[in-house]
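Please read the briefing below with the sequence and the model open beside it.

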Amino acid sequence: MSFTKFSSTFARIGAASAALLAPAIAFAQEAAPAAAEAAAAAPVPDKGDTAFMFLCTILVLFMLIPGLALFYGGLVRAKNMLSVLMQCTVIGASIMLVWVIYGYSFAFGGSTNAFFGGTAKLFLSGVTMDSTAATFSDAVIPEYIFMLFQMTFAAITPALIIGAFAERIKFSAAILFCLLWVTFVYFPIAHMVWDANGLIFGWGAFDFAGGTVVHINAGVAGLIGAIMVGKRTGYGKDMMAPHSMTLTMVGAAMLWFGWFGFNAGSNLEASGGAMLATVNTFIATAAAIVSWAFVESLTRGKSSMLGAASGMIAGLVAITPAAGIVGPMGAIVMGLIVSPLCYFFVSVVKNKFGYDDTADVFGVHGVGGLFGALATGIFASTSLGGIGYAEGVTMGAQFFTQVKAVLVTLVWCGVGSAILYKITDVIVGLRVPVEAEREGLDLASHGEAAYHS
């Protein structure tokens, strides 16, 4: 074939191909703007918000390990120090696994049920590098970091409970109870309070970072546990003072440090709301420390380091539900009030009723959480420096909503916890033998000691 004929044939083939492809090309040209518009409309996570939430997540982990472990460890006797470290560590690790298997789905699985998040996200189904979670504005963050942030809350909350019955609980009982408790108490309450389809969320209750979900929940479960497990052998007769206020102080300081992730991170984005939560976490805590020291000086004649550390935790607990909602002056008032309340329960009520709450979980977390949840409804008012209420909602109406949220939490947690303690007792037993308790749980339960002479 001559070059002229070849060129003519190639030209005819090209023209025919162009004619066949013309509709497809035209469709692609029409579809391209639509695809570009759809891509532009899809929200993209802000890298700053993502980095902020990553930092907050690891700060909450720091609260548990080593913060809470050292705080509780210092409060018990030396022979039980390691047992508390082990309980905090293994409980936290176990709940992390449970969370990614089914906990995240039970709490935030997308179900329209008011009490249960559903099963759509079991084993993190549908949670990918590209999936996102909404914040409180029009922004989004990667769903992975939202899932992990909530996981740290789920991990630390049951670990808070163990301080109430430290020094006499079986290791297996502590782990089993906490696994059952997060499944039937924590996950449903988290869904009710923080999921858009949840019962308490639908009421419009305020709980910025976990006054009901974390602190009332843990405090009530701790009180019931202290009663059902029973008093420590020799309670009221033997010396049971904290073995290391130094470690308790270190643990409390770590908790305060990590709590900025706990509270500011609950804003879900690095905005003014997070900064308000940060300010309030500073000053409410400072006010509570000063307040507790002042009350002790009036009642005992001396201010103790244990009291200052207790005031620190009480202030953090009280401001948690209100962190991004009340103004700085309201936060100071909340801090000043919460310490006398908690001090009264720790020094008077506990002795009056005779329950053995080793680390005052109910006296600080339960009472502080109750006060914080209710006070949030008051100090949220714009007249008191807060962010205000929803349109048409008065202070009285909001306070009543807070009361309802607290009552639901008390009943759900109280009844559920009592049942789960009983189930745990039937399966593995709650208490170690008296001989093991006298020897100390470090050696009796783990075959090693925190200290060597």
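A polar contact is a pair of N or O atoms within 3.5 Å; within protein, one atom must be able to donate a hydrogen and the other to accept it, and residues adjacent in sequence count only if both atoms are side-chain atoms. By that definition, the side chain of Thr157 reaches the backbone oxygen of Phe153 at 2.7 Å. This is a predicted model, in which local features need pLDDT of at least 70 and side-chain atom pairs count only at pLDDT 80 or more, while totals for chains, interfaces and linings use all residues. Residues are numbered from 1 along each chain as its sequence is written, and side-chain values use heavy atoms, with hydrogens and water left out.

**The chain as a whole**

- The chain holds 15 helices and 2 strands, where helices (H or I, at least four residues) and strands (E, at least two) are DSSP runs numbered from the N terminus.
- Along its principal axes, the C-alpha trace of the chain spans about 115 × 55 × 40 Å.
- Of the 453 residues of the chain, 53% count as buried, a term that means under 20% relative accessible area, with exposed meaning over 50% and partly exposed in between (1.4 Å probe, protein chains only).
- Among the contacts in the chain with a separation of 6 or more, 77% come from residues 24 or more positions apart, contact meaning heavy atoms within 4.5 Å.

- Helix α4 covers residues 143-161, and its 19 residues reach 28 Å from the first C-alpha to the last, close to the 27 Å expected at 1.5 Å a residue; the expected span is 1.5 Å times one less than the number of residues.
- Most of α4 is covered, since 17 of its 19 residues are buried.
- Thr157 lies in this helix, α4, and counts as buried because its relative accessibility is 0%.
- When neighbours within four places in sequence are left aside, Thr157 is in contact with Trp181, Tyr186, Val213, Val214 and Ala218.

**The packing of α5 against α7**

- Helix α5 (residues 171-194) and helix α7 (residues 211-229) pack at an angle of about 145 degrees, with their axes 10 Å apart; axes are lines fitted to C-alpha atoms, for helices over the stretch in contact, and angles run from 0 to 180 degrees between N-to-C directions.
- On the α5 side the contact is made by Trp181, Val185, Tyr186, Ile189, Ala190, Val193 and Trp194, and on the α7 side by Thr212, Val213, Asn217, Ala218 and Ala221.
- The residues of this contact between α5 and α7 divide into 10 nonpolar, 2 polar and no charged, where Ala, Val, Leu, Ile, Met, Phe, Trp, Tyr, Cys and Pro count as nonpolar, Asp, Glu, Lys and Arg as charged, and the others, Gly among them, as polar.

**Thr135 in the loop between the strands**

- Thr135 is placed in the loop between β1 and β2 (140-142), and it counts as buried because its relative accessibility is 10%.
- Not counting residues up to four places away in sequence, Thr135 touches Val140, Ile141, Leu268 and Glu269.
- The side chain of Thr135 makes a polar contact with the side chain of Glu269 at 3.4 Å, and the side chain of Thr135 also reaches the backbone nitrogen of Ser137 at 3.4 Å.
- Thr135 and Val229 are 94 residues apart in sequence and 41 Å apart in space, C-alpha to C-alpha.

- A polar atom of the Lys350 side chain lies 3.4 Å from the backbone oxygen of Asp357.
- With neighbours within four places in sequence left aside, Lys350 is in contact with Tyr235, Phe345, Tyr355, Asp357 and Asp360.
- Asp360 is found in the loop between α11 (328-353) and α12 (361-379), and at 16% relative accessibility it counts as buried.
- Although Asp360 is not a glycine, it has a positive phi of about 55 degrees.

**Further backbone features to inspect**

- The peptide bond from Ile65 to Pro66 is cis, with omega near 15 degrees, and Pro66 has its place in helix α2 (residues 47-75).
- Leu124, a residue other than glycine, has a positive phi near 60 degrees and is placed in the loop between α3 (81-108) and β1 (132-134).
- Leu124 counts as buried, because its relative accessibility is 18%.
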